[in-house]
Amino acid sequence: MTALWTAPDPLILASTSATRRGLLERAGLPVETENPRIDERQVEEASRIAAPERLAARLAAEKALAVSRRRPGRLVLGADQVLSCNGQVFHRPYDREAAFRQLRDLAGRTHSLHSAGCLARDGEPVTWFYDAAHLAMRALSEDSLNAYLDIAGEQALSGVGCYQVENLGVHLFEKIDGDHATILGLPLLPLLAALRRLGCLAF
């Protein structure tokens with residue numbers, strides 16, 4: 001435990017994401033991780049929620065609640081992200097062809113990343129939080145898209161937008177408006193505010 005973290009036990013992250021864990025650890029938070037073992041697409045289909053920010057919140061809550069039911073008394077964080085563009089929700093591509101189609105649809109447009117989080121304890125939500133970022137992708141030719149996919153390789157399939165802005169994906173954009181942690185899938189500043197309200201942080 002650190003002097004910053006005042007809760008008796010580390011925060012549990014309901015995810016195996018190394019990116020989200022790294023964001024929390026660099027902010028000085030003690031973290032344990034646990035796979036929530038939920039089917040995100042099934043949750044999405046069952047919820048029938050159209051608004052991307054509400055869908056992100058629902059997915060984050062399902063993750064947090066699934067783990068908190070298994071870990072009584074512990075504070076659990078769930079987080080999720082939804083990409084939307086012109087009213088359409090996009091999903092992580094399953095192969096290169098799907099990634100190409102998705103990038104072609106996003107090229108020359110501004111899309112939004114809706115990142116939501118939920119803190120839960122004993123199978124009940126404690127609080128939710130949310131942030132969004134807006135990213136303007138360059139107008140890209142098919143040759144440019146293929147060149148990017150050739151260079152990025154499997155990295156292009158690791159995220160919903162077919163890019164990682166902290167790596168090669170930054171070359172796809174002409175403007176990015178939003179907090180870096182939010183873009184990576186964790187609304188960190190709203191989370192820290194929530195943890196302060198719960199008395200988990202020293203300042």
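The model is a predicted one, so local features need pLDDT of at least 70 and side-chain atom pairs count only at pLDDT 80 or more, while totals for chains, interfaces and linings use all residues. Residues are numbered from 1 along each chain as its sequence is written, and side-chain values use heavy atoms, with hydrogens and water left out.

D80 sits in strand β3 (residues 76-85); helices (H or I, at least four residues) and strands (E, at least two) are DSSP runs, numbered from the N terminus. With a relative accessible area of 4%, D80 is buried. Here buried means under 20% relative accessible area, exposed means over 50%, and partly exposed is in between, using a 1.4 Å probe and protein chains only. Leaving aside residues up to four places away in sequence, D80 touches R20, E40, A56, L59, A60, K63, H114, S115, A116 and G185, where contact means heavy atoms within 4.5 Å. With K63, there is a polar contact from side chain to side chain at 2.9 Å. A polar contact is a pair of N or O atoms within 3.5 Å; within protein, one must be able to donate a hydrogen and the other to accept it, and residues adjacent in sequence count only if both atoms are side-chain atoms.

R20, one of the residues that D80 touches, belongs to helix α1 (residues 18-26), where R20, G22, L23 and L24 are buried. The cover over the buried residues of α1 includes β1 (11-13), β2 (31-33), α3, β3, α6 (180-183) and α7 (188-197). At the N-terminal end, S17 caps α1, with a side-chain oxygen 3.3 Å from the backbone nitrogen of T19. After α1 comes G28, whose phi is positive, near 85 degrees.

Helix α3 (residues 52-70) holds R58, which counts as partly exposed at 33% relative accessibility. The S68 side chain reaches the backbone nitrogen of G123 at 3.0 Å. Beyond four places in sequence, S68 touches V76, A120, R121, D122, G123 and E124.

Next come the cores. A nonpolar core is a set of buried Ala, Val, Leu, Ile, Met, Phe, Trp, Tyr and Cys residues joined through side-chain atoms within 4.5 Å. The largest has 26 residues, of which L103, L135, M137, Y148, Y163 and L172 touch the most other members. At least two residues of this core come from each of β3, α4, β6 (124-137) and α5. Not counting residues up to four places away in sequence, L103 touches M137, L145, Y148, L149, G161, C162 and L172. Another core, of 24 residues, lies apart from it, and its members include W5, V31, L184 and L186.

Helix α5 (residues 142-152) has L145, Y148, L149 and A152 buried. These residues are on the same side of α5 because they cover an arc of only 95 degrees around the axis, the arc being that of the directions from the helix axis to the C-beta atoms. The face turned away from this buried side carries the exposed residues D143, D150 and I151. Among what covers the buried residues of α5 is α4 (96-106). G153 follows α5 and has a positive phi, near 60 degrees.

H111 is in strand β5 (residues 110-121) and counts as buried at 0% relative accessibility. The H111 side chain makes a polar contact with that of Y163 at 2.7 Å. Contacts of H111 beyond four places in sequence include L83, C85, L106, L135, M137 and F173.

As for cysteines, the count of disulfides (pairs of cysteine sulfur atoms within 2.5 Å) comes to zero. The sulfur of C85 is 12 Å from the closest cysteine sulfur, in C162, which is too far for a bond. C85 is buried, at 3% relative accessible area. C200 is in no disulfide either, the nearest cysteine sulfur, that of C118, being 14 Å away, and C200 counts as buried at 5% relative accessibility.
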